[in-house]
Amino acid sequence: MTAKPDPLIHPITRLSICGLLAAGADWVEFAALRDAAAISDSVLSKQSRVLEDAGYLEVRKGAVGRRPRTWFRLTAAGRQALEGHLAWLAELEEAVSAGAGQARRAEPHPDDVDQPRHALPPALGGG
Amino acid sequence: MRDVAADQEALKLLRVQRARLADRLRLPWWYQSGAAILWALVFAAPFSSRYLPHRVPLWPFLLAALALVCLMQWGLTRATGIKLPWRNLRHRPGRRVGIAILVAWFAAAETEFLLIDHALIVAAIVVAAGGVVAEMALLQAALGVSRRELRGGGGVA
């Protein structure tokens with residue numbers, strides 16, 4: 001698995017949807033997903049459609065009596081994209097932690113005003 | 001430039017959301033009651049084989065129990081909004097609980113047969129009751145495994 005950002009999953013709402021569906025459940029119902037992600041019905045409908053169109057999400061519609069029920073499942077392509085994206089995020093997190101550690105070690109003496117106080121790691125565009 | 005802080009927050013938020021989803025995975029009272037009744041019937045089988053006439057066929061009871069199990073699982077999926085895959089039982093923690101359920105079942109049933117053969121009926125009833133309690137505790141443990149898996153992200157980061 002290669003760690004690479006996925007622009008489709010990058011928005012927080014879509015990352016939440018995919019991350020929750022990949023957490024170990026086979027299918028997750030609309031209301032459960034909405035409540036766990038703490039988003040509105042319309043946002044979930046809209047974002048799930050985007051993910052479904054991209055082939056990341058499988059949607060199954062049914063009904064219990066008159067109540068419609070929608071179930072979601074992550075496809076293999078969605079899982080692969082999410083794994084890559086999460087690995088990239090984890091690397092980013094590690095890089096930031098390492099950068100913060102380096103910055104703490106290299107923290108200038110209060111008298112030394114010319115030194116920068118924080119340094120980003122090279123992976124994040126720092127020097 | 002990407003917002004690094006927002007990306008870090010995204011991972012933290014995802015952990016919180018997964019914990020929220022895992023918290024939905026609780027057994028409703030009717031499921032617990034149904035499971036306790038089913039296990040009580042299972043542990044009553046040694047008594048029935050001894051005291052019921054052999055003409056009474058067993059398969060209608062087995063079919064009814066199977067139908068009830070399916071109905072309870074269907075209801076649990078509806079109530080929680082989460083359909084768990086069977087692969088949970090193939091993972092090591094889930095498998096361990098599954099084996100423990102079988103071991104508890106056979107151990108309690110065999111002990112009951114032994115006690116009934118020695119006319120120790122009260123002791124057999126106590127063992128049956130203990131078996132039901134053990135199986136209910138193991139059912140909660142099995143659910144705990146699934147809950148932990150959901151919270152941990154199911155192996156995805």
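1. Helix α1 (residues 12-21) of chain A and helix α3 (residues 41-53) of chain A have axes that come within 10 Å and cross at roughly 75°. Axes are lines fitted to C-alpha atoms, for helices over the stretch in contact, with angles running from 0 to 180 degrees between N-to-C directions. Helices (H or I, at least four residues) and strands (E, at least two) are DSSP runs, numbered from the N terminus.

2. On the α1(A) side, the contact is made by A:T13, A:R14, A:I17 and A:C18, and on the α3(A) side by A:V43, A:Q47, A:S48, A:V50 and A:L51. Residues are in contact if their C-beta atoms, placed from the backbone, lie within 7 Å. Five of the residues in this contact are nonpolar, three polar and one charged. Ala, Val, Leu, Ile, Met, Phe, Trp, Tyr, Cys and Pro count as nonpolar, Asp, Glu, Lys and Arg as charged, and the others, Gly among them, as polar.

3. The model is predicted: local features need pLDDT of at least 70, side-chain atom pairs count only at pLDDT 80 or more, and totals for chains, interfaces and linings use all residues. Residues are numbered from 1 along each chain as its sequence is written, and chains are lettered from A in the order in which they are written.

4. Between the chains, 29 residues of chain A are in contact with 27 residues of chain B. The largest share of the chain A side, nine residues, comes from α4(A). By class, that side has 21 nonpolar, four polar and four charged residues.

5. Two bridges join β1(A) to strand β1 (residues 82-83) of chain B, and the strands run antiparallel. Strands pair if DSSP finds at least two bridges between them. A:V28 stands opposite B:I82 in β1(B).

Notes: Contact = placed C-beta atoms within 7 Å.
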